[in-house]
Amino acid sequence: MSELPVQATSATFLGMPSFQRAAKDALANTQQRRNLAHATATIRTKRAAVVGEVEGWEDLRVAGAAAKDEALHHLPDYLEELEANLTARGATVHWARDAAEANQIVIDITRAKGADEVVKVKSMATQEIELNEALEAAGIAAWETDLAELIVQLGHDRPSHILVPAIHRNRAEIREIFVREMGGVGRAAPEDLTDEPARLAEAARLHLREKFLRAKVAVSGANFAIADTGTLVVVESEGNGRMCLTLPETLISVVGVEKVLPSLEDLSTMLQLLPRSSTGERMNPYTSMWTGVTPGDGPQEVHVVLLDNGRSRVLADEVGREALRCIRCSACLNVCPVYERAGGHAYGSVYPGPIGAVLNPQLRGTSSEVDKSLPYASSLCGACFEACPVRIDIPALLVKLRTQVVDEASGRSAEAASMKAAAWMFGDHRRMEAAQRASTLGGRLLGGRTLRSVPGLGAWTQARDVPTPPTQTFRQWWASTHGDDPDAGADEAASPVAGPTGDGVDEATPDEQGATDHRTGGGTAADAESRDPRHTSGESS
Amino acid sequence: MSAREEILARLRSATSDATDERGARGPVPRIAAAGESAEATLELFVDNVADYRATVVRCTPEQVGVEVAAALARGRAHTVVLPADLDAAWVMPAREAGLRLRPDEGPGGDPLTADELDGIDAVVTAARVGIATTGTIVLDHAGDQGRRALTLVPDQHVCVIRVDQVVHDVPDAVTVVDPGRPLTWISGPSATSDIELDRVEGVHGPRTLDVIVVG
């Protein structure tokens with residue numbers, strides 16, 4: 001990557017352990033695993049249904065990716081156009097190189113209005129720059145108004161999902177948080193509060209309404225910023241967004257530079273892609289659009305803070321820039337087997353899940369433990385790419401980042417060492433056979449027990465169970481069931497072009513037999529051997 | 001160097017490899033479902049609005065007032081705020097039924113404050129566009145729809161939309177609206193699924209949405 005500055009790693013996340021270590025703790029949290037499994041399965045089903053309603057879904061994905069690429073390839077031009085249109089419509093545009101600069105701009109505007117509090121509509125960008133903490137340090141209270149964000153804020157917690165940040169909490173915990181915390185920062189929770197979701201939502205409504213009605217300053221993000229009109233767009237469900245965007249006198253929107261869309265036509269593409277991908281709805285309940293200041297309606301002072309904070313560095317990577325297409329729908333989280341089990345906190349960022357595994361190391365660099373480990377927080381199964389409405393090839397980006405992490409590692413990394421060992425072993429079939437025979441010893445010793453960790457493979461086995469090695473190699477098994485010429489048989493089994501045995505005997509192919517008869521051994525050794533060893537050697541050298 | 005100049009310079013250097021001309025992708029493809037007929041589009045609109053747990057009724061222009069009054073009665077509204085240019089006939093039966101109808105005007109002649117709006121039960125408005133595939137009504141806050149706060153703070157929103165305002169898909173709506181105006185796209189009442197993914201209607205916006213389709 002280029003010499004452009006990385007995003008300063010937040011103090012909160014500096015001490016984060018690697019993903020694998022954090023995930024191991026998360027895996028032990030059965031409540032969270034149950035909540036996540038339910039949530040992701042539910043959203044996956046809803047999403048599939050509403051995406052299935054759209055005939056040209058793939059065309060929409062292509063158009064969505066093209067719109068973002070157009071904006072990203074000409075980002076300076078589109079930002080200048082956006083700025084000109086915003087300014088012409090009475091908005092004030094600010095530019096922020098990093099989190100500290102953006103936070104200071106918001107603090108200065110709030111102080112100039114004589115306000116000591118702001119209401120906030122959920123915004124990934126302001127979470128990323130940790131605006132709430134900066135405001136608090138400046139003596140300004142920041143009230144999160146999205147229900148889930150309120151739960152997270154009152155619970156002194158971190159968000160764990162992009163769309164439903166408090167999904168790791170269940171209703172009883174939420175009730176407890178409301179009863180314990182609301183009174184200290186405003187209207188207390190009703191004394192007879194139950195853990196019914198409707199009652200909890202009502203409590204949030206009452207608690208927040210007094211804040212909405214008195215607030216002088218609001219802070220938002222933006223889902224999209226339209227260059228050719230100067231229009232900002234916020235999508236939401238609860239109406240807290242509309243409250244923030246409408247009632248206060250002053251509105252400050254912190255907008256990542258990658259949020260720009262060239263035109264209103266591109267917005268129509270995105271408004272078809274985003275809600276269906278995100279909440280699995282045909283459309284979210286509320287979408288607000290505003291263009292500068294409208295006399296007599298809404299805030300009469302409108303500020304837009306255009307934020308870099310590491311984005312220019314991501315943009316400079318001609319492969320990696322694809323991640324900046326992200327519209328924060330969270331579809332990739334809901335289909336990811338790793339996210340579903342590990343939960344969002346293990347990613348050490350406001351951007352969890354597959355997109356977080358890509359975006360965080362890109363934005364922050366790979367110097368911290370957690371950012372080094374994130375490219376490995378994936379099974380590379382490809383489900384995230386399939387789900388992504390703007391076709392971000394997350395698995396390919398993760399592989400690229402893994403290379404970068406390995407390259408940057410001082411000395412020989414465990415992965416580089418094991419790859420070298422593998423190349424040596426695959427380089428000669430006798431070595432490989434010896435290794436396989438050795439591994440069956442482990443299988444015979446273990447019997448059916450699961451391996452929890454293997455010395456020397458700490459990083460790999462920390463959060464994974466290792467398959468039990470088979471008790472015999474494929475070649476041994478083949479010899480024991482097919483007579484006396486193991487090499488001939490094995491070659492036929494291994495060759496991708498060889499059909500069933502050529503002697504005219506009507507029997508199942510070796511592969512089929514392997515699948516049915518070799519069931520006790522675990523497939524690893526047989527799988528490795530079913531590939532032509534010479535071919536494998538060529539690939540890994 | 002100012003932050004603006006520095007960021008733009010960073011971004012220019014970051015995109016120096018991009019060889020495609022600006023706009024080289026050509027016109028934005030218009031990917032939209034087409035309605036079989038105006039009636040099919042209307043039926044889809046009604047179905048999808050209802051699917052959001054909004055109440056939706058169809059009526060003739062003569063019946064609008066009766067339907068508005070019925071909706072306000074269902075919502076147990078007593079006080080109703082009205083946008084300045086709303087068709088007076090739409091609220092005549094409600095007025096006759098004794099509901100307290102107020103213009104968006106406080107005692108001093110200024111628009112109602114947020115606190116004053118908080119004491120009002122319902123609002124009746126027109127709309128700019130309806131979208132069938134998504135069950136969405138779009139407000140552009142013209143004189144018959146009121147400023148944005150009117151349809152936000154009261155607990156019930158009764159929205160009257162003419163059949164000729166209903167388009168089939170999202171791109172059809174985007175070509176109709178004026179981005180120079182504030183726009184509010186509404187699909188069902190205020191809702192949250194933040195607690196264990198249980199959907200709850202009514203958080204901060206109107207808890208009840210009544211859509212009256214005219215014609």
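This is a predicted model: local features need pLDDT of at least 70, side-chain atom pairs count only at pLDDT 80 or more; totals for chains, interfaces and linings use all residues.

1. From α9(A), the contact is made by Leu147(A), Leu150(A), Ile151(A) and Leu154(A).

2. Eight strands make up an open, mixed sheet, ordered β8(A)-β5(A)-β6(A)-β9(A)-β9(B)-β6(B)-β5(B)-β8(B). Which strands stand at its edges? They are β8 (260-261) of chain A and β8 (166-167) of chain B; each has a single partner strand, so one side of each is left without a neighbour in the sheet.

3. Strands β5 (residues 224-226) and β6 (residues 231-236) of chain A are antiparallel, with three bridges between them. Phe224(A) has Val233(A) of β6(A) standing opposite.

4. Now for the interface as a whole. Chain A brings 96 residues to the contact and chain B brings 72. About 7100 Å² is buried between the two chains, with carbon and sulfur atoms giving 56% of that area. How many salt bridges cross the interface of chain B and chain A? The rule finds 17. Among the salt bridges of the model is the one in which the side chains of Arg10(B) and Asp308(A) meet, at 2.7 Å from N to O.

5. Chain B also has a sheet of its own to inspect. Six strands, in the order β1-β12-β7-β4-β2-β3, form an open sheet with parallel pairing. At the edges stand β1 (55-59) and β3 (100-103) of chain B, each with a single partner strand, so one side of each is left without a neighbour in the sheet. From one strand to the next, the twist averages 20°. β1(B) runs parallel to β12 (residues 208-214) of chain B, and five bridges join them. In that pairing, Cys59(B) has Val214(B) in β12(B) as its bridge partner.

6. Two helices of chain B lie across this sheet. Helix α2 (residues 38-51) lies across β1, β7 (156-162) and β12 of chain B, at about 150° to β1(B). Helix α3 (residues 64-74) lies across β1, β2 (79-82), β4 (122-125), β7 and β12 of chain B, and runs at about 160° to β7(B).

7. Lastly, charge pairs. Over all chains, the salt bridge count comes to 51. One to view is the pair Arg276(A) and Glu53(A), whose side chains meet at 3.2 Å, N to O. This pair links distant parts of the chain, the two residues being 223 residues apart. Arg276(A) sits in helix α13 (residues 264-278) of chain A, while Glu53(A) sits in the loop between α3 (30-52) and α4 (57-73) of chain A.

Key
Residues are numbered from 1 along each chain as its sequence is written. Chains are lettered from A and ligands numbered from 1 in the order in which they are written. Side-chain values use heavy atoms; hydrogens and water are left out. Contact means heavy atoms within 4.5 Å. Helices (H or I, at least four residues) and strands (E, at least two) are DSSP runs, numbered from the N terminus. Two strands pair if DSSP finds at least two bridges between them. Buried area is the accessible area (1.4 Å probe) that two parts lose on being put together, summed over both. A salt bridge is a side-chain nitrogen of Lys or Arg within 4 Å of a carboxyl oxygen of Asp or Glu. Axes are lines fitted to C-alpha atoms, for helices over the stretch in contact, and angles run from 0 to 180 degrees between N-to-C directions.
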